[in-house]
Amino acid sequence: MPQRDIAIIGASEVKIELRSGRTTYELAGEAMAGALANAGIDKSEIDGMAVTSCFSDAGNPFYSPILSAYLGLQLDWCQTTDLGGAGASGSVARAAMAIRAGLCHTVLVISADAQSTTNRGDIQGFRGEFQYPVGIMGPPGYFGLLSNRYDHQYGLDPKALAKLAVTQRDHALLNPLACEKLRKPLTEAEYLASPMISHPIRMLDCVMVADGASACIVTTTERAKALGVKRMAHPIGYGERVNHLEAENCPDITKVGQEVAGARALAQAGMKIGDIKQFHPYDDFLIAIILQMEGLGFCKPGEGCRYVLDHDFHWNGDLPLNTGGGQISAGQAGLAGGAHNLTEALRQLFGEAEGRQVKDNSNAMVTGIGWIPYGRNWGSSTVLVLEAG
Amino acid sequence: MSERDPLEGLRPAPVKQDFSQPFWDGAAQGKFLLQYCPESGKYQFYPRPVSVQTGKRNLEWREVSGRGTVYSHTVTYRSPIPVKGIKPYIVALVELEEGVRVMANLIGCPVEAVKIGMAVKLAWVKAGEDNFPAFEPA
């Protein structure tokens, strides 16, 4: 039986902007104030905080306590989650753990980054030693290697990728918080004509790095009811896999950690993949959506493109997908980008998605992806199943 | 920059880890050394402080053939700083005969000729002042 003892009672997102000129702390302040207002609770309720790491204040070894000081929070539990784009969903699970362990009762789960304004990230290790000298074009390069191998094994249909690009763009047009630069209609032909970055990755396969922040409030269901909260979302299943197949020298690069994390999350939730009513997968690249569909069991390995062509992923289609535009069409707020799809799922579960509200909002699956190891599939994989309550 | 190697003279120097030094010392002599785990009988690359199989620190360094095949590849059209603006070049994931993968430039090969499965052999290039592994068609 799934546990419904934990509840997310409010969520908020700052409008995503390119080179906003704002700081992480300013963006976080707006996100927290929005989440408190959405939950209808006082700041004094918060006694725990989990924050995703960020590029714009990377190098600050005291990030979470300094952020909590800026926000005026006195805390009994405080942590930074450095799983990259898996940090937001990972923070929800860590908040639930801390609450169940009795360390705190109400957690601010927050993600903020102003990467397009200030980037203090400096990732070295094997990248500085063996990767940068090769001139690989960062994430588009890593996903280029992955995509060509996928194409070799299974065939990669650009029309399937185009369909995802267009569907997500349609959703961004309906989301007033999506980055304005991206809120323009997109056609299949425009996707296919977009310039090649690192073959076969086109410009419109990739996220655009921007600035933004999101927050949600996690507490116990009992407390939520005592506070008079009318609608909530229960995290009923979670799975995480960091560095899938790391000890294998030559793994299949198309295999994703969501295969393991998804099975665990669904088992906890007492659900099968066919029970999922809306899907909010982490989308730094379009092919990542297809690989996750395969790894999670929406379809078999190699059948992702066919599956995409056979389904309608619009908010009113047969499997609503990234109804806020996803990061690819709403903008990626740096390492806070993983919170965008989570916050959209929460809006849907709360019935607050305005002009794009899905009809059956009884549950949602959210995933996270973070960092790319050397010549492999992505390194951090999370799967979170949420149920409306 | 040369016809054979568009990145010639442009590769940044590797920022080395202390436990990798034998690799760089070998490279300086034109030897491709990999860490070898005697308990599992497996090689590993990139260098690590421990065996990724056992977690132990009993790794050996062994010279390997430098022969392999292309597992995957990507042609870079928009290149990053410090190689920005140069003509397209190939980044390949090469699977060595010894069962590890190396990310490296494929040189002496037109960008339209790279294929998964093609046989390649080691070809040293420079990254800063260091010998750095690249591959060329075998």
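Predicted model: local features only at pLDDT ≥ 70, side-chain atom pairs only at ≥ 80, totals over all residues.
Helix H13 of chain A covers residues 338-350. Burial was considered next. Of the 13 residues of H13(A), 13 are buried, so the helix is largely enclosed by the rest of the structure. Just after H13(A), A:Gly351 has a positive phi of about 75 degrees.

Two packed helices are described by the angle and the distance between their axes. Helix H3 of chain A (residues 87-100) and H13(A) have axes that come within 7 Å and cross at roughly 60 degrees. H3(A) is therefore oblique to H13(A). On the H3(A) side, the contact involves A:Gly87, A:Ala88 and A:Ser89, which meet A:Gly338, A:Ala339 and A:Leu342 of H13(A). Sorted by class, this contact holds 3 nonpolar and 3 polar residues, and no charged ones.

Between the chains, 30 residues of chain A are in contact with 37 residues of chain B. On the chain B side, at least two residues each are supplied by strands S2 (42-44), S4 (67-76), S5 (89-96) and S6 (101-106). S4(B) provides the largest share, with 6 residues. By class, the side of chain B that touches chain A is made up of 20 nonpolar, 11 polar and 6 charged residues.

Technical notes:
Residues numbered from 1 in each chain as written. Chains lettered and ligands numbered in written order. Axes fitted to C-alpha atoms, helices over the stretch in contact; angles between N-to-C directions. Helix = DSSP H or I, 4+ residues; strand = E, 2+ residues; numbered from the N terminus. Parallel < 35°, antiparallel > 145°, perpendicular 65-115°, else oblique. Contact = placed C-beta atoms within 7 Å. Nonpolar A, V, L, I, M, F, W, Y, C, P; charged D, E, K, R; others polar. Buried ≥ 20, exposed ≤ 12 C-beta atoms within 10 Å, placed from the backbone.
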